[in-house]
Amino acid sequence: MSSARVEALRKVLAEQELEGLVVTNRTNVAYLSGFRGSAGALIITADQQLVVTDFRYFTQVAQQAPDFELVKAEQGQHRETLIATLKDLNLARLGFEAQAVTVDEHNAWTEEIPANTLIPTTGLVEELRQIKEEAELTAIRAAVELADQAFAHILSYLRPGVTERDLAIETEYFLKRAGAEAAAFPPIVASGPNGALPHATVSERAIQPGDLVVFDLGAMKDGYCSDLTRTVCLGKADAMQQEVYALVYRAQVAALEAACPGRTGPEVDAVARNLIAEAGYEEAFGHGLGHGVGLEVHEAPRLSSTSEDTLKAGMVVTVEPGIYLPQWGGVRIEDLVLVTEEGREVLTQAAKPSILLEV
Ligand code: ZN
Ligand code: ZN
């Protein structure tokens, strides 16, 4: 499995006229090799694939990355061993991941390796990761199902006086009990005015009747993430809450319909954004429409007005418009979608009523 990924990367390297790539982004290390240790780098050339790591991981590399040749580093000597290995390879154009190498590391490398042979690259492996294989989709579907179950479960806990923190803890506990490795990210429970913060941190605020509550949660299963948002009202909703919810719902459903192969990130984003703007809430939707999900909960591609990505079959993205009004609160609705040859398959199964759910 991993060797097909390495071959795909080798094609990209050849196109870029690179003789090799040092992979230090940990997620990319796991994607290419299967090795999931917390310390280690890959070196991939046209005919070699090496993993540099220390004693703690020798057995793990043999198990998880059998296709890779192990370069043994002494404890605490990662950097030196990596540099010595790169120096031995003596490549004229060696790519490195510009977003995953510190200035300090780069300085150390260039003491031993000519700086002009080190070529910064961005997103080479991330681009490969955008198109999911069947096995990856199986893991994502399982992560989606866990999130769907957790949302259904947490609704039964929602009552006056329960705090955001209580609900977030119960969500995480449920996810793990139900079989998730972990929550994909700390669950967001944003009630009342806190809902105006798209990425609110969970507080001790007790939920009160009439509050909108935004739940944003995801599971991690077999290394893959899911991402789900629903907004409900505790008790009776007022007219404005209903109106804003209905608008976000309409924008979300329209954007889902627009998510198909060949459409660009800005095009799909605009479908939701225009509907929200026409209703006078343009300023209140201050984030992009969606993002890719896979080994990371936020990854390429992006659906936003500035995105340069185009949807292709096999991509998994969120569609999550929202409206956020300071002091008042917020509404967001988020589904996870697989782009298919024919259009899209909405993976999320959590109930999504067209009118605001009063719990
Ligand atoms: Zn989310
Ligand atoms: Zn999201």
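**Entry 1: the model and its domains**

I noted at the start that this is a predicted model. I looked up the division of the chain and found domain 1 (2-129) and domain 2 (134-357). Taken over C-alpha atoms, the centres of domain 1 and domain 2 are 35 Å apart. I then checked who takes part in the contact: domain 1 gives 5 residues and domain 2 gives 8 residues.

**Entry 2: the largest pocket**

I went to the largest pocket next, which holds about 480 Å³ of space. I asked myself which residues lie nearest the centre of the largest pocket. They are Ala-30, Gly-34, Arg-36, Tyr-224 and Leu-295, out of 23 residues in the lining. Then I looked at the elements: α1 (2-15), α2 (26-33) and α7 (134-155) are the ones that give two or more residues to the lining of the largest pocket. The most comes from α2, with 5 residues. Sorted by class, I have 9 nonpolar, 7 polar and 7 charged residues in that lining.

**Entry 3: the cavity**

I wanted to know how many cavities of 30 Å³ or more a search of the whole structure finds. I listed the residues that line the largest cavity: Phe-151, Arg-230, Thr-231, Val-232, Tyr-245, Ala-351, Pro-353 and Leu-357. Strand β12 (residues 228-233) gives the most, with 3 residues. The classes here are 6 nonpolar, 1 polar and 1 charged.

A reminder to myself: in soluble globular proteins, nonpolar side chains tend to be buried together. The largest nonpolar core in this model has 38 residues, and Leu-9, Leu-32, Leu-42 and Ile-44 have the most contacts inside it. I checked which elements supply at least two residues of this core, and found α1, β1 (20-23), α2, β2 (41-45), α6, α7, β11 (224-225) and β18 (335-339). Domain 1 and domain 2 both give residues to this core, so the core lies between them.

Apart from this core I found another one, of 32 residues, including Leu-212, Leu-256, Leu-275 and Val-331.

I then took a closer look at Leu-9. Leaving out residues up to four places away in sequence, Leu-9 touches Leu-21, Leu-32, Ile-44, Leu-124, Val-125 and Leu-128.

**Entry 4: Leu-289**

I picked Leu-289, in the loop between α10 (265-278) and β13 (290-292). Is Leu-289 buried or exposed? I found a relative accessibility of 0%, so Leu-289 counts as buried. Its contacts, not counting residues up to four places away in sequence, are Ala-255, Val-268, Asp-269, Ala-272, Arg-273, Leu-303, Ser-304, Thr-318, Val-319, Glu-320 and Pro-321. I also looked up the separation from Gly-265: Leu-289 and Gly-265 are 24 residues apart in sequence, and 8.6 Å apart in space from C-alpha to C-alpha.

Most residues other than glycine have a negative phi, and most peptide bonds are trans. With that in mind I went through the exceptions I had marked.

- The peptide bond from Ala-300 to Pro-301 is cis, with omega near 0°, and Pro-301 sits in strand β14.
- Asn-90 is not a glycine, yet I found a positive phi of about 55°. Asn-90 belongs to the loop between α4 (78-89) and β5 (94-97). The relative accessible area of Asn-90 is 64%, over the 50% cut-off, so I count Asn-90 as exposed.
- Gln-327 is not a glycine either, and has a positive phi of about 70°. I located Gln-327 in the loop between β16 (322-325) and β17 (329-332). With a relative accessible area of 72%, Gln-327 is exposed.

How values were computed
Residues are numbered from 1 along each chain as its sequence is written. Chains are lettered from A and ligands numbered from 1 in the order in which they are written. This is a predicted model: local features need pLDDT of at least 70, side-chain atom pairs count only at pLDDT 80 or more; totals for chains, interfaces and linings use all residues. Side-chain values use heavy atoms; hydrogens and water are left out. On a 1 Å grid over the protein atoms alone, a cavity is a set of points where a 1.4 Å probe fits but cannot get out, and a pocket is an open set with protein on both sides within 12 Å along at least five of seven lines; lining residues have an atom within 4 Å of a point. Grid points are joined across faces, edges and corners, and a volume is the space filled by probe spheres set on the points. Helices (H or I, at least four residues) and strands (E, at least two) are DSSP runs, numbered from the N terminus. Ala, Val, Leu, Ile, Met, Phe, Trp, Tyr, Cys and Pro count as nonpolar, Asp, Glu, Lys and Arg as charged, and the others, Gly among them, as polar. A nonpolar core is a set of buried Ala, Val, Leu, Ile, Met, Phe, Trp, Tyr and Cys residues joined through side-chain atoms within 4.5 Å. Buried means under 20% relative accessible area, exposed over 50%, partly exposed in between (1.4 Å probe, protein chains only). Domain bounds come from an automatic or database domain assignment. Contact means heavy atoms within 4.5 Å.
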